[in-house]
Amino acid sequence: MRNLALHRQEVSCLDKRHFGKPRRRVTHRACKPITRRAPCLGFPNGPGFKQDKQETMLDMANSLRHDPEKPVYHVMPRHGWINDPNGPVFYEGKYHVFYQHIINGCEWDFGIVWGHAASSDLVHWEHMPPALLPTPGGADADGCFSGCCIVDEDGTPIILYTGVRLRSNPECGPLPPAECDLNLPFVETQLAAVPEGDPTLAMWSKREEPVLPMPPPDMPLVGWRDPFIFEIKGKQGNGREWGMLMGSGLKGQGGAIMIYRSESLYGGWRFDGMLCEANNTETGAMWECPLLLELTQTQASPKASAQTTGGIQSIHDLHTQLPTPTGKAASFREARNQGGQTDKAVESEPGNFQELEPQPSASTSGKAAGGVSLLSRQISDLSVVSQDSSSGSAQQPPTQQQRQQPMQHTHFLCISPDAPTNPVLYWLGAFDHQNTKFILDGAKGPLKLDLGDILYAPNLMIDGKGRHILWGWLQERRKVGSYDYAGCLSVPRLVHLRGNRLIQEPAPEVSNLRRGQCWKTRHLSIQEEEMTPLEGLRGSSLDIEVVLDRGDASAAGLLFQGWDAAGEGSAAIVYDWERSVLEAIYEAPPRDMGATQDPDAEEDDGLRRVGGPVEADSGDVHMRILLDHSCVEVYLGTGEVLSTRIYRGHPPEDADAGISFVSYGGTANVRKCCAWAVKSIWKRDFQPHEQASVFETIYEPVTAVMPMGSPVAA
């Protein structure tokens, strides 16, 4: 992907949209890098600093390694910028996650590479050499944008990705013919790479011929990128084909997803029209990073039969029992989809999001999957009425017969609209494999994939157990400061269906990161507007499970104390029973927080709030909070997730965790709560002897520390 490539001098750090009325915003100036870059690659050419300054600079760099805001159990590079997760794949018994990465800077820029991390158990990870680097003079000379990784039928992994070259780059050959030129600041080409016979996937070779050299002619496209591969049946029902989704949009109309078909991953791709398209820009003008898969159906398991962990039933066990699965920046510079012009859709507020309502359970169930899965194991036969599949045509309205039949919500369609300041959206609906259409009419959505303000551009895989595992990019939201990194990925999430509801939960392996004894409490009353500390709990990387009973309160949750002397940096994670809303409320006082404030009220309470409605199914709220220094992921037992950042600062020496229970509008009860310290996921850097010098050169440290947005030493 990248909708965000033109320079801007002011960068918004707080999203004001999609979560009620506008909130306050904070900006900072983009800083000019202090190191020169090798052409197109973004690598440091050397220290370039005077010897008498190096000792002080290195001391500052060393202090950054103890940054209290830096996550330790979320996948991220050692230093530099990270955005979209790319091509997660399970191969030869290992999990591989690739990601967009600027090696020597903390802002997005051209010259982006594919970073790489690997794990054998989803618990312990190691840094790998970058998988893809821009090739000077090639179709990806100015960046290896997002894509996917798929294991072919012969067992060979293949990466498909979007390569970009700037129109202003004189070394990158002629521009596309006028009928295929989208008039963007960069030219997009779909490319492929295969591993060099190495089961660790450490080294990759690019194929010389593009998979797709240019988009279809004479189409009013605003972009053409982020390929995603899945497996489908042939149109005649005989044999199998590969399908390729491509993120796009139609000028003046809205976002769209293009679809191609081929019997081979390496070529022969035929444009097969639009998978689906919007008829307005309320969900964005450009749909980036499209995903489509058939989800596994699960059922709620009886609480009585759930296993216990450390004195409390885990949220995973309380709510789902997995059967054998069935099948598959804001600180970016906003690259303009139409000739570099600012896209109004990015600045307007998408307002057509469907409110959450409890849905009856569907009777659909998947068929058992056998063997090691590909990226999308199958697309099932569906009894749907065919629609017009002519190229570029809009979807036809459903027939009367279709309206009378209940929609089978078996498929998950996900898009990232326009820019990282927007929430990721998804639909649950049906895929018509005969006409390669996702039927938006009658689908449930669009809904927010995450109720927070930092997740964008998710990607997913199917592992050797047949589980659907999703990662998303978690952005920074810090205001000021010096740091040598920007962003991380979410913990691996399992995604599946319960009836017609999407369920997201941490992969069970995340619990294996817990260390030490469990801190626990039971049957604790939380008095109205009083702080009840979690006494004796220590650490900044924690895994907290809590079950809250409403009592006579209107809202309750956990308050995370900021360590700043001025009291800044605090935030409360609160569930509001009166509105069925999960929120993060920043700079939240223990009193008079106004958690039950009407979201449509004209007056602002002065607090920044991030969150949204959830599908409450009982009076109790089951909540799991993964706190990793500044990075926070909140998982509800009902399947929703809220991801955000809380920058609390340096804790005093020998301080406890600085977390308290809070209640508003009455007394709430903590039925049970358990908390664990969480260890780092990192083992060591992958560094085979024959590649050591290359790896060290790529990650040569920058021996300086500068304000946010500048390259900083690791």
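Reader: What makes the charged end of R608 count as sitting over the ring of Y586?

Author: A charge sits over a ring if NZ of Lys or CZ of Arg is within 6 Å of the ring centre and within 35 degrees of the ring normal. In this predicted model, the charged end of R608 is placed over the ring of Y586, 3.9 Å from its centre; likewise, the charged end of R514 lies over the ring of W676 at 3.6 Å from the centre. Local features need pLDDT of at least 70 and side-chain atom pairs count only at pLDDT 80 or more, while totals for chains, interfaces and linings use all residues. Side-chain values use heavy atoms, without hydrogens and water, and residues are numbered from 1 along each chain as its sequence is written.

Reader: How many aromatic pairs does the structure hold, and why is the pair of W125 and W471 called edge-to-face?

Author: There are 17 aromatic pairs. Rings of Phe, Tyr and Trp (its six-membered ring) pair if their centres lie within 6.5 Å, with planes under 30 degrees apart counted as stacked, over 60 as edge-to-face and the rest as tilted. W125 and W471 are 6.4 Å apart centre to centre with 90 degrees between the planes, so they form an edge-to-face pair.

Reader: How do you know whether W125 is buried or exposed?

Author: Buried means under 20% relative accessible area, exposed over 50%, and partly exposed in between (1.4 Å probe, protein chains only). W125 has 2% and is therefore buried, and W471, at 0%, is buried as well.
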